[in-house]
Structure formats: C-alpha cells, structure tokens
Amino acid sequence: SSSAYGIVSAVLAALEEASNNLFDVNGAAGGGSLTTGEEAATSYFAQLMPFLILTLLFSGCMGIAPESIAGEKERGTIATLLVTPVRRGELAVGKVLSLSAIAALSAVSSFIGTFLSMPKLMGGNIGDMFAAYSAWEYLALFAVMLSAVLIIVSLISILSSLARSVKEATTYSVPLMIAVMLVGLSSMLFTTQSPAAHLIPVFNCVQVMSAVFSGSFSAANLLIALGSNLVYIVLLVYVLARMFRSERVMFNR
C-alpha cells in the first residue's frame, strides 16, 4: 500500500504541475504577472518622465530668466529699457514671451534626448516607444509643457524683478525650485483624475503628463489644466507688469 501510495502521489503531482502551467500568465518571464511588457514600460515612463520633464523645463527657465531682468538691473541697463517709448506692461509681456520661447526650445531639445535614450536604457526599442502614443497625446504633452514653461518663467521673472543682482535672483529662486521638484516627484507616489486637482498650477501639468504616458489620458482634464494655467499666467504677467511700472521695485529704492 505504501508503494502504491507513492506511485499515485507522483502521478497526481505531475498531473497537477502540468495542469497549472496551462494557466500561467507570462510564463516565459517568470509567471504570475498580469502586466504586459508594454504596460510595464508605460507605467515606468508615467512615474519618471514627468519629473524629468519638469526638471528640464525649470533648468531651462532658471538659466535665462534671472539674467534677463536682474542682470539688467545689476548692469544698470534697465533704466535705458524703461525710458523707451513702449508701455512697461508690454515690456513685461515681451520679457515673458521671449524667455518662454528660449526656455521651451532648451527644454524640448533636452526632452527629446532623454526620450530617445530611455528605451535604450530599458533595453527596449525606440520605434515601439513612439508607437505606444498617438499624435494627439504628443500634442497634449507639448501644450502642457508650454503652459508649464510660461508659469515657471513668470514666477522666476517676478522674483528676478525683486532682486538687485543675478546672484540674489538665483537665491530667491531656490525655494521655488525645491517646490517644483517636490511636485514633480508626486507622479511617483500617486496619480489622480479628479478635475479639482487639475486646477492646481504645475501639479496639474505633472498629472496630465503622467496620464499621457500611462495611457489614461483625459481630454477634459487637459482642458481644465490648460484653462486654469492660462488664468494663472495672465495674473502673473499682470503682477509683473505692475512691478515694471513701480520705480521703487525696478530701481530698488
């Protein structure tokens, strides 16, 4: 009976193993995972890329915005600029637009390099990476990046207007940089589809970018984020224009 028990147990064990293997998921990859390779890649990009993009955007803005206003105040050329027959509000708008264009070009070039290198680092294919997202999603990503650049440039320009030198403007911008970096890290911790969350500046850009990369992109949340960012940009440019009209602020009297 002991011998018969051993034979039957061995046959049943082999049958159980063979039957269970029929239902293995991704058995070649170790089994047990319901996540495909494409889903794992998009999840990785959704967590990492918003932080990298936001870092590149802020770096591009930080490199030129303090020099444009605080640098002119430090060199004394701001007085020549302010006496030109142009409204100071128009000067403020021109500063923001020109700085945003340069910062956006710098950030986009860095982003393209990072985007192309990520599949190689992960052992994937660049073509598969591009095919994972539609043209509409790339357009949404570009629009969100542009709105983020305008907000960051406006904030740094306001801080630069308060400073007497480029060094002082850079010092003022450090707390802003820390705050932006922390917001960028939020994509690694959680994501939300709440419309109210997409009213928060910068945070809404991170959430939209994370949704684009993860494949859960919502057009409604994109419109909410872009609309609210437009309102913030107008308010920030208005504050900057008021500062340009103030002799006390422009000449630190």
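Colleague: Which residues in H9 do Asn 204, Cys 205 and Val 208 in H8 meet?
Modeller: Happy to start there, with the reminder that this is a predicted model. On the H8 side the contact involves Asn 204, Cys 205 and Val 208. Their partners in H9 are Asn 221, Leu 222, Ala 225, Ser 228 and Asn 229.

Colleague: Are H8 and H9 roughly parallel or roughly antiparallel to each other?
Modeller: Their axes come within 10 Å and cross at roughly 155°. The crossing itself is left-handed. Angles over 145 degrees count as roughly antiparallel, so H8 and H9 are roughly antiparallel.

Colleague: And is H6 roughly parallel or roughly antiparallel to H9?
Modeller: H6 and H9 pack with their axes 9 Å apart, at an angle of about 20°. Since angles under 35 degrees count as roughly parallel, H6 is roughly parallel to H9.

Colleague: Nice. Which hand does the crossing of H6 and H9 have, and how many nonpolar residues are in their contact?
Modeller: The crossing of H6 and H9 is left-handed. By class, their contact has no charged residues and 5 polar ones, and its nonpolar residues number 19.

Colleague: Turning to the largest nonpolar core, which element gives the largest share?
Modeller: This core has 56 residues, and those touching the most other members are Ile 53, Leu 57, Phe 58, Ile 156, Phe 213 and Phe 244. Elements giving two or more residues include helix H2 (37-75), helix H6 (135-162) and helix H9 (219-245). The largest share is 12 residues, and it comes from H6.

Colleague: Leaving aside its neighbours within four places in sequence, which residues is Ile 156 in contact with?
Modeller: Good one to pick, as Ile 156 is among the core residues that touch the most other members. With neighbours within four places in sequence set aside, its contacts are Phe 58, Cys 61, Met 62, Ala 65, Pro 66, Ser 173 and Leu 176.

Key
Residues are numbered from 1 along each chain as its sequence is written. This is a predicted model: local features need pLDDT of at least 70, side-chain atom pairs count only at pLDDT 80 or more; totals for chains, interfaces and linings use all residues. Side-chain values use heavy atoms; hydrogens and water are left out. A nonpolar core is a set of buried Ala, Val, Leu, Ile, Met, Phe, Trp, Tyr and Cys residues joined through side-chain atoms within 4.5 Å. Buried means under 20% relative accessible area, exposed over 50%, partly exposed in between (1.4 Å probe, protein chains only). Helices (H or I, at least four residues) and strands (E, at least two) are DSSP runs, numbered from the N terminus. Contact means heavy atoms within 4.5 Å. Axes are lines fitted to C-alpha atoms, for helices over the stretch in contact, and angles run from 0 to 180 degrees between N-to-C directions. Angles under 35 degrees count as roughly parallel, over 145 as roughly antiparallel, 65 to 115 as roughly perpendicular and the rest as oblique. A crossing is left-handed if the near helix is turned anticlockwise from the far one by less than a right angle, and right-handed if clockwise. Ala, Val, Leu, Ile, Met, Phe, Trp, Tyr, Cys and Pro count as nonpolar, Asp, Glu, Lys and Arg as charged, and the others, Gly among them, as polar.
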